[in-house]
Amino acid sequence: MSTTGTHQAPRVIRSLAGRARISLPGWSGGNPGLIERRLGQLDGVSSVRANSTTGNVLVLYDEATVGEAGLVTALARIVASLPAAATGASAATGSDDPVDATTSSHEPTGVATRSDDATTTPADDDGPGRSVRRTARRARIAVHGLDRDPDLGRRLVRRLMRRPDVRRASASVLTGRVLVEFSEQTVNFQSLLDEIGAIELPALPGEDVPRHPLDPTPLIGSTARTAGALAGLALLALRRATGAQGAPVTIRGPAEVAAALGIVEGVPPVANGIREALGPTRSEVLFGGASIVSLTLSGSPLGLAVAAAGAAGLLVEVRARQAAWRDYERRVEQMPRPHTGDRLRLGAGERAPLPGRVVEGFGTATGADGLPAPLAPGAAVEAGALVAGGPLVVELTSPGRFSNDRRVGQPPRTAYDTYMDAIGAVSLAYAALTAVVTRQPARALTALLLVNPRAAIVGAEHADNAASARVLRSGVTVVGTRTDRPVRRLDAIVLDSPRLLADGLEVVRIEPLGSHPAPEDPLELAAAVAAAAGSPWGPAFAVAGRLEAVDGSFDGSTASAELDGRRWTLSATNTRLPAVARSWPAGGELVLVLRRQGDRGPQAAIALRPRLAAGVSQLVATCARHGTRLLVAGGPRTP
């Protein structure tokens, strides 16, 4: 039994103050830009992001102007008015398997990955006996300078979205690529590359772009190598079980091919040159397929076992990296992707993704030192600052370009580096000496196989893959690594600011003041005033007391509220109070002064300080155990 012809109404699946995520069950994913433009014209709506993959719409809006019911009604009307090709009953979903696309020298980096994003949907009827075939594509295109100039992503996305054949564009600083969803029927892919090439920054000398985390080439290659090596081992085991002796073939060709490939792989400059010349697919066939076939035909179970172990280690690392990246994409999928000039509505507990300036609202934000800084219209907000109080409307500004300074010093050399520098000359000298002494050129080939760095290379690659897999399983998202930059133990960890080690505020001391103190506990009074004013200092006053204040307000530095008919204020001060100057330390704390209207002096002084986040002590102990320095910019050095 099935139902047709019905469109489910939009529904709110998650809502915060001024922020709602709405599901559109009747929307197949077509024309997301049209939905964003039409809903963005609604009064009170500041930002709209439609996700054609999930079928959800993220809306930032002013609750005083428009409510959730108004948003749902408007979305239902917009979806109903979309063309039939964009509101079909079946949503198009697809794979994400990029393949290489060639570009010219003036185009962006020459790396473009494409994948199917939609398939044929014959259920979309367009009249008797006719079905609409919708084919859409997506491309991930590497862009020079995207990681150096944050504003480049905004300009690039806006330029691409002006094209009628582009459905969606999204720039990722992490991967250095722009994701473009376009119509395969109308797009000129070369013109896309030309347009990106016209706006990207000039390439730096020696600049390279790492593979995208979801690039399927390493996964396919490692899977094929593992399966081929295991199949070869199974074939040799089956021959041994049936009583067959020796190699599957009697000629010496396979053994010589395996030996030659082993020697070539043992010389990294030669192997890398061949890989660059042949490309990823042909080099994988040469070094992977040909090596496994020759090892199998020559009857070398040890060589197959080594190949299987190395390929399996790479397969585990690639799967872990892709799983970590997909998990990261799920976490940030519904988050707005802000750019310079955008206006965001930030509520309590949210962080500013970029530096900005407050347009509306009052609150506080965690500064670089971990202490709260007052926020009012016109105040600056640092990138990554945790907002308390609010909600705030923040206009984002550019963080500036990143400087690409040359490395001051070289990384410390390891025993592996020393061995690789020496083994090449030693191997050639040993082979030449063997040929001279034995007068047999074939023995020189055997000498090259005996004294060869390939065993060290295989061991180092396996160790690197294992280290990367351990890091991924520990919760780190590895975007990608460039050539000759493996994951290794750190010499030092540099934290941007003490704020990274803090998790909110805590009360450290209370000093009653004044000749006529209130009978209530000063901490309960402060908690009541802060709660009525919107908790501008976050959950620092986590006191579930019997007092309840009303008519609270906050102006960026002072919280006020009415309690038992009297007005109370709780304000931050930068001056040292004489009554507590001697007993309290000089810095690292925020002092709040509690006052009652009509009294001459303050009732109490309350000191707050950043609370260490969970795991900081473990981080310090782990760094000390491994000899890694932990450095905090703007703070004291921790051994």
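Colleague: Where does leucine 433 lie?
Modeller: This is a predicted model, and in it leucine 433 lies in helix 9, residues 415-438.

Colleague: Why does leucine 433 count as exposed?
Modeller: Its relative accessibility is 53%. Exposed means over 50%, so leucine 433 counts as exposed.

Colleague: What makes the nonpolar surface patch there?
Modeller: Leu433, Val436 and Val437 make it, and the patch covers about 320 Å².

Colleague: Okay, now the inside. Which residues have the most contacts inside the largest nonpolar core?
Modeller: That core has 26 residues, and the ones with the most contacts inside it are Trp537, Phe541, Leu563, Leu570, Leu592 and Leu608. Helix 12 (522-532) and strands 20, 21, 22 and 23 each give two or more residues to this core. Helix 12 supplies the largest share, 7 residues.

Colleague: What is phenylalanine 541 in contact with, leaving aside its neighbours within four places in sequence?
Modeller: Val507, Leu523, Ala526, Ala527, Ala530, Leu570, Leu592, Ile606 and Leu608. Another core, of 20 residues, lies apart from the largest one, and Trp27, Ile35, Val57 and Ile78 are among its members.

Colleague: How do you know that strand 11 and strand 14 pair?
Modeller: There are 2 bridges between them, in the antiparallel sense. Pairing takes at least two bridges, so strand 11 and strand 14 pair. Arginine 357 stands opposite alanine 380 in strand 14.

Colleague: And what makes strand 10 and strand 14 the edge strands?
Modeller: The open sheet has 4 strands in the order 10-16-11-14, with antiparallel pairing. Strand 10 (343-346) and strand 14 (380-381) each pair on one side only.

Definitions and conventions:
Residues numbered from 1 in each chain as written. Predicted model: local features only at pLDDT ≥ 70, side-chain atom pairs only at ≥ 80, totals over all residues. Heavy atoms only, no water. Core = buried A, V, L, I, M, F, W, Y, C linked by side-chain atoms within 4.5 Å. Buried < 20%, exposed > 50% of the residue type's maximum accessible area, 1.4 Å probe, protein only. Contact = heavy atoms within 4.5 Å. Patch = residues over 30% accessible without salt bridge, like charges linked within 9 Å, V, L, I, M, F, W, Y side chains within 5 Å. Areas by Shrake-Rupley, 256 points an atom, 1.4 Å probe, with all protein chains shown as cover. Salt bridge = Lys/Arg side-chain N within 4 Å of Asp/Glu carboxyl O.
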